[in-house]
Amino acid sequence: MIIHIRKNISEKKLQEIKEKYNAKQILSDKQIVLITSSAYKTVGTEYLQYIESHYSFDNDIQLASREYISQNREVTIKHKTIGGNGENTMLIAGPCAVESQEQMEQTAQFLKTKGFTAIRAGSFKPRTSPYSFQGLEKEGLKILSNIREKYDLAIVTEVKDATHADLLIDFADVVQIGAKSMYDHGILKKCSQTQKPIMIKRGFGSTVQEFVQAAEFVLSGGNNNVILCERGIRTFETKTRFTLDLCSVAYLKNHINLPIILDPSHAMGAAYGVPDLARACMAMGTDGLLIEIHPTPKNAKSDAAQQLSFDTFDKLYQSLIPIANAVGKKII
Ligand code: PEP
Ligand code: MN
């Protein structure tokens, strides 16, 4: 249950209500907002005089639910806004990992000439094997910082654990919580304590309920700037890396008020399939796409098989424009 409290309540009464319903106060400069477990459906009549409105829910998807806020929430990424009533769909391209200044310069130059807003690349890589490239870590953040300064592109980069979260949050324009970290409460907590946009990728073994509940941790901790990213789930299928769950996207669009980004690259795991999937993703009419590209994909230090060359990406981009138009979107 979400409770909007009247401003003139005494501190003592507020405490009493919090204790009675085991409620948490959400940081908000506009209103006093309390949130409880969804098991509570209503407030006692003795408290009604202190309450402006209250909302009850079937389950613990509350702040992200359209039953609470029916309109799309907006998230602003370096002066550009996605979500809300706007038509923007952000094409976020870039390599899997920051590998060198040169690799990032080449990519940034290419994206800048095409007029894009953002670039992605991981510097702390949560790899499945300890023997794979783990990222350039702090050195990579410095490269990303140079790129932001030189090309004025928004930096989308992943936080791998809570120990470097503060540092990474400072560097990033969008903090990516990777699929493997979706349940990491240290990361979720740090991300709730900033106002930077947070893009949460769906854990590949998580239900939509669990995915959105991860977002609830960030929202209820005080950060409203949350974006969901569907990147595919594990199924019995082995011919593709994951199975891109577009049904979940239809569900999220209908029930959830957060912006949604789709990642066809990690879902497919192979470059040949990414353009077709990306077009299908664009047709879903969501708020953005995440696509891995690399100056020389075959030499990439991580996810080499799925990254597109600049040429292929450019052709894909041209083919996405009419699809975006058809669903009322504009690529930024
Ligand atoms: C990535 O974006 O490079 C990545 C590791 O993605 P995911 O967390 O979805 O596997
Ligand atoms: Mn990757």
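Arg231 puts its charged end over the ring of Phe242, 4.1 Å from the ring's centre. Lys301 does likewise with Phe133, at 5.2 Å from the centre. To count as sitting over a ring, NZ of Lys or CZ of Arg has to be within 6 Å of the ring centre and within 35 degrees of the ring normal.

A word on the source: this is a predicted model, where local features need pLDDT of at least 70 and side-chain atom pairs pLDDT 80 or more, while totals for chains, interfaces and linings use all residues. Residues are numbered from 1 along each chain as its sequence is written, and side-chain values use heavy atoms, with hydrogens and water left out.

Now for rings meeting rings. Phe, Tyr and Trp rings (the six-membered one for Trp) pair when their centres lie within 6.5 Å; planes under 30 degrees apart are stacked, over 60 edge-to-face, and the rest tilted. That rule gives eight aromatic pairs, including these two:

| Pair | Geometry | Centre to centre | Between planes |
|---|---|---|---|
| Tyr55 and Tyr68 | edge-to-face | 4.9 Å | 85° |
| Phe110 and Phe313 | edge-to-face | 6.1 Å | 70° |

Tyr55 is in strand E4 and Tyr68 in the loop between E4 and strand E5, so their pair ties together parts 13 residues apart in sequence. (Strands are DSSP runs of E, at least two residues; helices are runs of H or I, at least four; both are numbered from the N terminus.) Tyr55 is partly exposed at 24% relative accessible area, whereas Tyr68 is buried at 15%. Buried means under 20%, exposed over 50%, and partly exposed in between, using a 1.4 Å probe and protein chains only.

Phe110 in helix H2 and Phe313 in helix H10 are 203 residues apart, and both are buried. They also belong to one aromatic cluster with Phe116, Phe310 and Tyr317.

Methods: Chains lettered and ligands numbered in written order.
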